[in-house]
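Read the sequence and the model side by side.

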Amino acid sequence: MTLMSEAAVIQGRTLPRGFAWTTLVASIVASAAIFLALALAQVTPEFNVAGAAVVGAILYLVLVGVISRLVEGRRKSIDRVMAGVITAAFLIALIPLISLVATTAADGINRFDMQFFSSSMRNVVGAGGGGLHAIIGTLLVTGAATIISVPVGIMTAIYLVEYGKGRLAKSITFLIDVMTGIPSIVAGLFAFALFALVFGPGIRFGIGGAVALSLLMIPVVVRSTEEMLKLVPNELREASFALGVPKWLTIVKVVLPTAIAGIITGVMISIARIIGETAPLLIIAGLSTSMNYDLFSERMTTLPVFVYTQYTIQGADAQAYIDRAWTGALVLIIIVLLLNLIARIIARVLAPKGSR
Amino acid sequence: MTARAKARLGDRVFQAAAMGAGLLILVALAAVAIFLIAKAMPALVASPEELKRDGTDFWPYVPPLIFGTVWAAFLALLFALPLAVGIALFISHYAPRKLAQGLGYAIDLLAAIPSVVYGLWGILVLAPAVRPLYEWLVNNVGWFPLFAGPVSGTGRTVLTVAVVLAVMILPIITALCREVFLQTPPLHEEAALALGATRWEVVKMAVLPFGRAGIISATMLGLGRALGETMAVAMVLSPSIIISFALLQSQNPTTIAANIALKFPEATGLGINALIATGLVLFAITFVVNALARVVINRRKEFSGAN
Amino acid sequence: MSKRIEVENLNVFYGKFLAVEGVSLTIEPRTVTAFIGPSGCGKSTLLRTLNRMHEVIPGARVDGRVAIDGKNLYDLDVDPVLVRRQVGMVFQRPNPFPTMSIKENVLAGVKLNNGRISRSDADDLVEKSLKGANLWKEVKDRLDRPGSSLSGGQQQRLCIARAIAVSPDVLLMDEPCSALDPISTLAIEDLIEELKRDYTIVIVTHNMQQASRVSDRTAFFNIAGTGLPGRLIEVDDTATIFERPTEKSTEDYISGRFG
């Protein structure tokens, strides 16, 4: 009898719609009041925002859990609490990420001026100076790494998708997985070990950094290109073969143009990945405060290394160095964002025409 | 006939070029292994006296570094994993659809922020901010071994490093988890809904079981990243070569990668070889972690073939 | 332009699996030959051996002889790439190149082979091929639009135009209408009727009405069971096959008793 009546009921007892929000506001107000009281009573030196937020959130979860349990039952109550927990996880994670971006923007803007983009750190102690040498270094080293990685990466992906079968292709796929996991500092050590053997242990130059970065970039390019080539329908290859087009021309003129948007996007994103690398360049490209346009001789500083050294090797006027570090960081983030943005635009523009 | 010869030649050249690129990768990796081992060898075979002269004695020197590397990465994972799964679920199943797309994009961007920026943030913003909390912890729960005093005056402790690392790997793990959660077959979810499940029960019954292998492999990749991370640790930590579980003291176990970055510029002679040898150890550790991730991913591929 | 195809004792393998066994037949110039039979009987496979397209699939190989005007396609000195320029192919699903305009699609065979062609010659070739494919009137004002902007039936005719632009001797069609609606199908069938004035045409079809409407000769293929090779059961004038087939299994298939 009870079973039947339960089955017949579809109108469960539910809490009103605004319940969750009301409870949330109430919890936060209550928690804020408590902390305000503590602050006024001189127990804590000032109003503790973090504490108020944490206690408010816990209060909310407990209230929602208990009330919902009493009114709506166990399952509904767990559902509501878990929704709260998951949202809380999201909000907690947001704090450091927003703080990071906000601080970089706020502190980086101090030295985001013409001088930063037009002068190096040569003979600068204290205020002034800029990161031009590091920007040039970044462009050169990253450019060289791209020139090395893109052809090798794309050709390897072509081999794996269009030609590769059997043991060689399998082992290359495996090694690319291994390469993906190489810590960047190990890539730097490799470049050092390689060039030190040839030029002696004191060797520091830009191209070494480019080699180290290529080691990190190639697997990313191969992976993304491979994915894109696999998306090209086989029918297009067959259509081309059936017109009497040799395989290599089919790949160059049909397969690659069809996949080009995705491939370029992948390349841009891989550039964004390596442009922020610091550790390998610290080891093989070294530090420098002067302009250097020659990849093949002398030390070369890149932006990430610039940020690092501005912080670690502070001169007399520490704040000037820290300001420059933040500006360097801001420029880096802007470059990375731009690369991502360009990648998206290219993907949009070059996407195959007329395909829905 | 000439046209044919030309076509054949083009095909042969192109295929050879593609294969050559693949072989180059084989050679490059072999070179990495060979050069690192060659450069590490002197430190491995040198007598302790020789090594002492250059400031480092290899074998007693490595275990604290390995400990520090694994300890910091483990702590980072402890913070990052639940949060990442939470965010991924929030984006894939709780947030309004329009918001979710923007959030997904934002997470991808955060994954691309250079580690040196995280390092700068860790030392200049996070470390000062957490000092009062650390003092409170040591004063009130100092009896707990992890929070034993004396408290560090700078906030540059292994706990801060772990938080910075967690923030760094958070976007990576989240991005992968989100992708896996979104791939949950709609049929599974609908089946759960049809049984009268609440949203959380759908997540528990359909989404999490389906995504378990994906979560594991995302975790492994995040762990690999945390193990190899250099700059954030090098900038934030006040390092020592010790084994200690204490989270809040000024003496902290450093990591292999950070140690190399800090010591390399001034290293000479056998010191360089010793550092390269530690790099080799790091490579081995990350290799194992990544290989495990790979195994899990491949196993999942086999299973999902049935879907 | 049109040529005779002779198939002798052809076996087709995928790895160790024998897909088609012992096929011999002759296809006369300027005729339409239809291959019919149940799914998996090897008719598409056989079709693809006529321009060595089966080689695209890893592990596929043949023994036997396929001769076009007396020259065996499988002689060692034959370049499959050149074979395919003589024997064009139209596929089941229309597959215009998505990165190319209508015009570029028609010229694809020439352009992709690094061929140089003057502007006026190119325009002439485009017009001639599109007219040959009964598509000129519909697209002449939008030749620079992407090929994939056309309807399915138009796309298929574009693919036919693309195939005949390289002036082949033979046209192979692998179920060219199976992805199209009835009206587009009719347009293609009319086109086949016209094309046979210039080309030898081989068409694979699942649709027996279509075979009886468009073809002069019909070859019936069958398979004894799963895992067994497909065989040619009989080949004859289309009218004969549909009205007085020699073999019992042909009659069963045509009258809809199986398959």
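The C-alpha centres of domain 1 and domain 2 of chain A are 43 Å apart. These bounds, 3-110 for domain 1 and 115-355 for domain 2, come from an automatic or database domain assignment. Five residues of domain 1 of chain A and six residues of domain 2 of chain A make the contact, a contact being two C-beta atoms, placed from the backbone, within 7 Å. On the domain 1 side there are one nonpolar, three polar and one charged residues; nonpolar covers Ala, Val, Leu, Ile, Met, Phe, Trp, Tyr, Cys and Pro, charged covers Asp, Glu, Lys and Arg, and polar the others, Gly among them.

The model is predicted: local features need pLDDT of at least 70 and side-chain atom pairs count only at pLDDT 80 or more, while totals for chains, interfaces and linings use all residues. Residues are numbered from 1 along each chain as its sequence is written, with chains lettered from A and ligands numbered from 1 in the order in which they are written. The model has ipTM 0.89 and pTM 0.85.

Between chains, 72 residues of chain A are in contact with 64 residues of chain B.

Within chain B, B:Leu165 is in contact, beyond its neighbours within four places in sequence, with residues including B:Ala72, B:Ala76 and B:Glu229.
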